[in-house]
Amino acid sequence: MALLYFVLCVGAITTLYPFLLMVTTGLKGTTDQSDNAIVPKYLLDDHELFGKYVDDKYADDKFNIASNAVGTDAPAESVEKYRQFLAQLPVDYWQAGFKNAPNQVTGKLSIRYHQWLRKRYKSIDDLNKAYIEENVGFQTVSTPAEPFDLPQWQPTPGKKWTEWQEFKQTLPAEFRIPVRTQWLFQRFLASTYKNQFAMVPQGIAGSAKGFEEIGMDLAEPDTQLSRDVGGLLRDFKVKEQPRFLSNSVESQWSKFNGNRVPMPIGAADRAFLKANASVVRKEFAGRNFGYVLDYILLNGRAVWNTVLFCFLAILTQLTVNPLAAYALSRYPIKASGKILIFLLATMAFPAEVAMIPSFLLLKDLGLLNTFAALVLPGAASGYMIFLLKGFFDSLPQELFEAGSLDGAKEITMMTKIAFPMSRPVLGYLALLAFMGAYGAFIYAFLVAQDQKIWTLMVWIYQLQNSGAPKSVIMAALSLAAIPTLVIFLCAQRVIMRGIVLPGER
């Protein structure tokens, strides 16, 4: 007996592990979604949290992360002064951090930007008209690009860029990444030498081991450098935007700070994270789930459509199947056995086999893109009819005979005797109908391609197709599993009685 319980416990754990992995993956991001750890590492380790934080801030750009890891040993006074410097730095001298990384849709900046736009515009149509775009929702509005490292880059003038500059002014210091001349020079060198660091002249490379470690001093006369180095500097000065050279961020920082020490960017990142570690952890853990809830509740009528579909599916299946089973039980005919075999035969084929014929039939009837197309093909179930007929056959016939002697009609005996005594099995079949309707995806997408009647599962599929990373999809599936999990936990007794009683009878 102990061995049996041990095997059952192991089986339960192996069943629970994939579900836990799905939920915890929803707590992760694009950088750690594939590590298969049950507990995200950043929840337990401050070092992992800092790595995830800088990945998020610099959009997982390893070059930018390394280049901005300067001034890590600066004192607290210098960090506070640096934050004050960022607060007064002109908006066109810094770029916004926390943008979407590749294959990411839940960047901290994007979420904040979309919330700002919702307060400014009443609907997505008003925004599209103002920006001359074709967004399907606020979540699809992209943040304007800021490629300051591209030579002579200029923004596209228009209302979107103007309002983007206005939005940037609302960002706190931790969102602001100064456009340093040193970083621009490093990017220039990486582009010039096609990311081949070995080709960089020694006069420029110095003791650096990568492009992101190369320093520069534009005040240094070219005569102190080799001819090649001098040429590189001249090319950089010609190609780069003059405002970043004549009034560089470094020179503005030196005037503000009173000395020429490097900006404490790395120290500022660590100081902010240390002071707000719990807040950052909660934001990382809930970001994907918040995005999915926002996506589901604001796009279309996914929740309402799903609730209505499930209700209609339960209603039709608990109407058609009990009536058919009651008729076969109370009024048996010679062909009853053949009818049952035919009903059982439908269980031998997967539902996908009947999808195309059902689609063509619904098309001929003009029922596509309606709730009738979702509900009617599944109204009758061979399994439910077979199960209910066996249950009705097991009911005491004396009850029906007594009802007949009292003058009760057949409909009265069905509703007052048969159905009340069949509540456990009817409850079990209602749960089956709910789970079938709630989890329907392929068929629901096939016969109802109009977004106005898309169900929750179809919207989740569209979320995946839109390029959402695995962590967001796992968060969506975790939220989608909550209704079935709650109903299962609340209806365990009904499920067990529905399974056990037919077998006992």
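Select Glu-146 and Trp-164: their side chains make a polar contact at 3.1 Å. A polar contact here is a pair of N or O atoms within 3.5 Å, in which, within protein, one atom must be able to donate a hydrogen and the other to accept it; residues adjacent in sequence count only if both atoms are side-chain atoms.

The model is predicted, so local features need pLDDT of at least 70 and side-chain atom pairs count only at pLDDT 80 or more, while totals for chains, interfaces and linings use all residues. Residues are numbered from 1 along each chain as its sequence is written, and side-chain values use heavy atoms, with hydrogens and water left out.

**Around Glu-146**

Glu-146 sits in the loop between helix 6 (124-131) and helix 7 (159-168); helices (H or I, at least four residues) and strands (E, at least two) are DSSP runs numbered from the N terminus. Is Glu-146 buried or exposed? Its relative accessibility is 6%, so Glu-146 counts as buried (under 20% relative accessible area; exposed is over 50% and partly exposed lies in between, with a 1.4 Å probe and protein chains only). Apart from neighbours within four places in sequence, the residues in contact with Glu-146 (heavy atoms within 4.5 Å) include Trp-94, Trp-153, Trp-161 and Lys-168.

**The enclosed spaces**

Next, display the cavities, of which the structure holds 2 of 30 Å³ or more. On a 1 Å grid over the protein atoms alone, a cavity is a set of points where a 1.4 Å probe fits but cannot get out; a pocket is an open set with protein on both sides within 12 Å along at least five of seven lines; lining residues have an atom within 4 Å of a point. Volume is the space filled by probe spheres set on the points, which are joined across faces, edges and corners.

The largest cavity holds about 150 Å³. Select Gly-29, Lys-52, Asp-56, Gln-104 and Arg-287, the closest to its centre among 14 lining residues. Helix 2 (46-57) and helix 14 (277-298) each supply at least two residues of this lining. By class, the lining of the largest cavity comprises 2 nonpolar, 6 polar and 6 charged residues.

Move to the second largest cavity, with a volume of about 90 Å³. Lys-57, Ala-173, Glu-174, Ala-268 and Asp-269 lie nearest its centre, out of 15 lining residues. Helix 13 gives the largest share of this lining, 4 residues. The lining of the second largest cavity has 10 nonpolar, no polar and 5 charged residues.

**The largest pocket**

Now centre the view on Ala-351, Pro-377, Gly-378, Ala-380 and Ser-381, the closest to the centre of the largest pocket among its 35 lining residues. About 1,100 Å³ of space lies in this pocket. Its contributors of at least two residues each include helix 15 (302-330) and helix 19 (382-394). The lining of the largest pocket has 26 nonpolar, 8 polar and 1 charged residues.

**Two loop residues with positive phi**

Most residues other than glycine have a negative phi. Select Ala-59, where phi is near 55°, in the loop between helix 2 and helix 3 (62-67). Ala-59 is buried, at 19% relative accessible area. Then select Asn-369, with a positive phi of about 60°, in the loop between helix 17 and helix 18. Asn-369 is partly exposed, at 36%.

**Confidence**

Finally, colour by pLDDT, the predictor's confidence in each residue from 0 to 100. The protein chain averages 86, and 92% of the residues score at least 70. Residues 218-226 fall below 50; beyond near neighbours in sequence, this stretch has 12 contacts in the model.

Note on methods: Ala, Val, Leu, Ile, Met, Phe, Trp, Tyr, Cys and Pro count as nonpolar, Asp, Glu, Lys and Arg as charged, and the others, Gly among them, as polar.
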